[in-house]
Amino acid sequence: MKILKFGGTSVQNAKMINEVIKIIKNSLKKDKIAVVVSAFSGITDKIIQAGQNAAKGDDKHLEDFKEIEKRHMEAIKFLIDIKKQSKILAETKTILNELEDCLNGIFLIKELSVRSLDFIMSFGERLSAYIVSRALIEKKVDSEFVDSRNLVKTDMMFGNANVNIKETFQNIQKHFHNNKKLNIITGFIGSTDKNATTTLGRGGSDYSAALFGAALNVKEIEIWTDVDGVMTADPRKVKKAFSIPYLTYEEAMEMSHFGAKVIHPPAMRPATEKKIPMIIKNTFNPEFPGTYISAKIPAKIEKISQITGISSINNVDILQVQGSGLVGVVGVAKRLFQTLAEKKINIILISQASSEHSICIAINPQDSEKALDAIHKEFELEISSGQVDKVKVENKKSIIAVVGERMRNTPGISGKLFSSLGNNGINIAAIAQGSSELNISLVIDREDEEKALKAIHDTFFLSKYREINVFLIGTGLIGSTLLNQIKAQNSQLQNKLNIKVNIIGLGNSKDMIFAKEGIDLKKWQQILESSKEKMNIENFINKVKELNLPSSVFVDCTACEEVSNQYENILNSNVDIVTPNKKANSGKFETYKKLKTLTKEKNCKFLYETNVGAGLPILSTLHDLLISGDKILKIEAILSGTLSYIFNTLDSQKEFSEIIKTAKSKGFTEPDPRDDLSGLDVARKLLILSREMGSTSKLKDIAIEKLIPEECFKAQNIEDFFKKLQKYDQLMKDKIKKAQKEKKVLRYVATLENNKAQISLQSVLERTLPPPEYLLIL
């Protein structure tokens with residue numbers, strides 16, 4: 001025999017009830033079954049709302065009731081043939097009238113007791129089970145409605161009643177002995193020995209299913225819900241989460257305690273005691289196998305990961321009790337926990353240092369004020385004498401729980417876990433782990449919860465690829481080329497390196513756009529142009545921080561100082577930086593040093609290989625030489641591809657100004673060629689090389705020979721600049737002729753030797769010419 005339990009989303013409307021009936025009929029072909037149902041989705045909340053409105057004397061409870069009535073009546077009209085509706089509608093109306101009378105009574109006395117609340121809440125399950133049973137009869141399935149209040153006996157703890165197991169089991173066994181039809185049972189509710197209606201608390205319908213299953217010693221209990229079993233993480237927060245095929249009872253309980261959509265731990269107890277497997281199934285995808293929960297995972301099942309799953313509690317407060325008066329004093333913990341227990345405050349997590357100097361507890365935020373007051377009163381003498389500090393409260397925290405039977409006696413799990421969080425800049429406020437090694441729980445900032453879940457999931461579960469989330473500013477030649485390269489190479493990166501690059505944010509000088517799931521690189525230009533969000537660098541960075549995605553990388557493809565001024569802010573947010581922009585590294589030495597320090601402190605990457613030599617591995621080669629102990633005596637370099645093109649093309653027959661015009665038209669120069677001809681770009685590159693060698697040099701320390709006279713730099717616009725430049729064409733021809741007589745050519749060379757840096761136009765022997773852009777390190 002099996003028990004099938006259907007949750008609220010499974011019976012939310014007539015259409016879904018028909019799907020439930022299909023599942024029931026299919027199960028009946030294989031096994032004898034009994035069915036437990038919850039109230040229609042949202043109905044219990046609507047009943048509570050109606051009761052609260054009635055207690056406040058608010059006429060809105062009438063509207064609430066009408067909505068409740070409408071949903072159930074519409075379901076009957078959809079499910080039952082019109083010729084047979086009248087009797088079922090009348091019986092349903094009788095139940096609804098009883099609910100209406102109760103609400104009117106609450107309205108009159110302006111009071112909603114816990115006992116009254118239990119009674120009105122019971123109508124959700126009673127209506128649901130009755131309608132499902134009648135719909136089954138309509139489909140030729142011989143079934144009967146069972147009000148579980150007649151079978152499940154409890155104490156008078158209204159709202160979360162304790163079940164009298166012995167009496168309840170006897171009642172259930174007797175009932176099933178005498179009733180052979182398909183039983184459609186109300187979940188969630190029971191009654192006292194005086195027949196007062198009670199509810200079984202959170203997860204009550206699951207508990208009802210487990211009670212009936214244990215009483216009847218069934219072979220399986222199926223819990224039908226709206227997800228494909230228990231997931232490795234919350235799929236709303238981790239898109240790559242997947243269904244866990246097998247769980248032990250202990251794993252399921254641990255994950256459920258920390259927020260996973262499983263079964264509430266007390267609801268599992270009757271099944272675990274009888275070792276009855278529980279299967280979590282999806283009503284919306286009935287063919288999916290779901291999650292099988294049992295005492296042991298079958299030995300033949302292949303291990304997916306070192307952990308089983310990750311769950312979280314979204315919002316907790318941390319209370320820290322500390323002081324010298326706690327060290328070595330027997331009974332302090334007892335006093336603390338007893339004080340909180342007396343105030344009915346649930347403790348979610350406990351962490352205590354071995355020094356006994358502090359005890360850290362996590363509780364629900366709504367209990368914080370009450371907890372603070374109770375602890376301060378209990379430890380009033382110790383606080384006044386300074387033996388115990390005033391209790392510290394940290395708000396807006398989340399708990400992440402990593403769960404798995406395979407964690408036991410497996411070295412390296414904690415290191416792997418902490419590294420995944422540290423690499424993403426997530427601080428851990430508290431840690432708790434039991435000696436069973438089944439669970440490692442961490443307290444982090446609430447704003448980091450989703451980021452932490454994704455980071456841990458990517459670390460432990462063998463995802464198809466690791467995602468890198470890119471925020472790129474500057475969509476000119478370099479930026480657009482990079483975007484096109486990523487588009488062309490993304491599939492290869494996934495297939496060969498297991499890396500997927502997502503472009504999450506894009507910005508240029510005018511607009512910016514963000515897409516949490518990634519921007520379509522086939523039409524990024526149209527998407528960016530159609531954006532209504534105007535570029536503001538501070539707003540762009542704030543959005544990067546707000547999204548707070550793991551493996552975030554900021555790519556600066558501009559030459560803008562306004563952007564590079566944000567690097568410190570970006571690194572402080574634990575976001576990596578990749579950039580060809582030389583402004584930060586060639587600006588103030590203090591800024592350069594600060595960025596270097598931040599990368600170490602925050603464990604972030606600040607990558608700028610293309611600052612010097614474009615795609616050539618110059619900086620990394622220099623680093624390798626220095627690390628291996630080499631001493632750099634001299635650097636001689638041609639560091640400008642633009643100027644290399646100009647001087648490689650230049651000869652005594654060509655005009656200097658015309659070659660520069662050609663270079664500009666081909667996109668080889670900056671929009672204003674004077675930026676290249678000033679030598680400042682080369683100087684910045686030489687300064688970066690100098691600093692990478694350990695120098696504290698500044699830009700002003702570099703002697704720069706400008707390639708054109710000052711008059712050209714003062715030109716009002718580009719057209720005027722070229723007119724003035726033509727005057728000096730002959731001067732450049734003379735220099736070329738002089739070099740040619742010596743069998744040499746002109747090159748713009750940067751030199752660094754004995755901590756002195758200079759850049760000048762030099763005559764170089766043609767037979768020893770290096771490549772167009774080169775670096776010679778001695």
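Author: D31 is found in the loop that runs between α1 (14–28) and β2 (33–37). Helices (H or I, at least four residues) and strands (E, at least two) are DSSP runs, numbered from the N terminus. The model is a predicted one, in which local features need pLDDT of at least 70 and side-chain atom pairs count only at pLDDT 80 or more, while totals for chains, interfaces and linings use all residues. Residues are numbered from 1 along each chain as its sequence is written, and side-chain values use heavy atoms, with hydrogens and water left out.

Is D31 buried or exposed? With a relative accessible area of 16%, D31 is buried; that word means under 20% relative accessible area, with exposed being over 50% and partly exposed in between (1.4 Å probe, protein chains only). Beyond its neighbours within four places in sequence, D31 is in contact with K2 and K219, where contact means heavy atoms within 4.5 Å. The side chains of D31 and K219 are also joined by a polar contact of 2.8 Å. A polar contact is a pair of N or O atoms within 3.5 Å; within protein, one must be able to donate a hydrogen and the other to accept it, and residues adjacent in sequence count only if both atoms are side-chain atoms.

V35 is buried, at a relative accessible area of 0%. Not counting residues up to four places away in sequence, V35 touches several residues, among them L4, F6, I24 and I184. V35 and V146 are 111 residues apart in sequence, yet their C-alpha atoms are 9.7 Å apart in space.

β2 belongs to an open sheet of 8 strands with mixed pairing, in the order β3-β4-β2-β1-β7-β9-β10-β8. Two strands pair if DSSP finds at least two bridges between them. At the edges stand β3 and β8 (246–248), each pairing on one side only. Neighbouring strands of this sheet are turned by 20 degrees against each other on average, direction ignored. β2 and strand β4 (residues 182–186) run parallel and are joined by 3 bridges; V36 has I185 in β4 as its bridge partner. Helix α7 (residues 204–216) packs on the sheet, where it touches β1 (2–6), β2, β4 and β7 (220–225), and its direction makes about 170 degrees with that of β1. Axes are lines fitted to C-alpha atoms, for helices over the stretch in contact, and angles run from 0 to 180 degrees between N-to-C directions.

Rings of Phe, Tyr and Trp (its six-membered ring) pair if their centres lie within 6.5 Å; planes under 30 degrees apart count as stacked, over 60 as edge-to-face and the rest as tilted. By this rule there are 15 aromatic pairs. In one of them, the rings of Y130 and F145 have centres 6.0 Å apart and planes at 85 degrees, so the pair is edge-to-face. Because Y130 lies in helix α5 (residues 114–138) and F145 in strand β3 (residues 143–146), the pair ties together parts that are 15 residues apart in sequence. Y130 counts as buried, at 5% relative accessibility, whereas F145 is partly exposed, with a relative accessible area of 25%.

K110 lies over the face of F107, at 4.6 Å from the ring centre; a charge sits over a ring if NZ of Lys or CZ of Arg is within 6 Å of the ring centre and within 35 degrees of the ring normal. Although K110 is not a glycine, its phi is positive, at about 55 degrees. K110 is partly exposed, with a relative accessible area of 44%.
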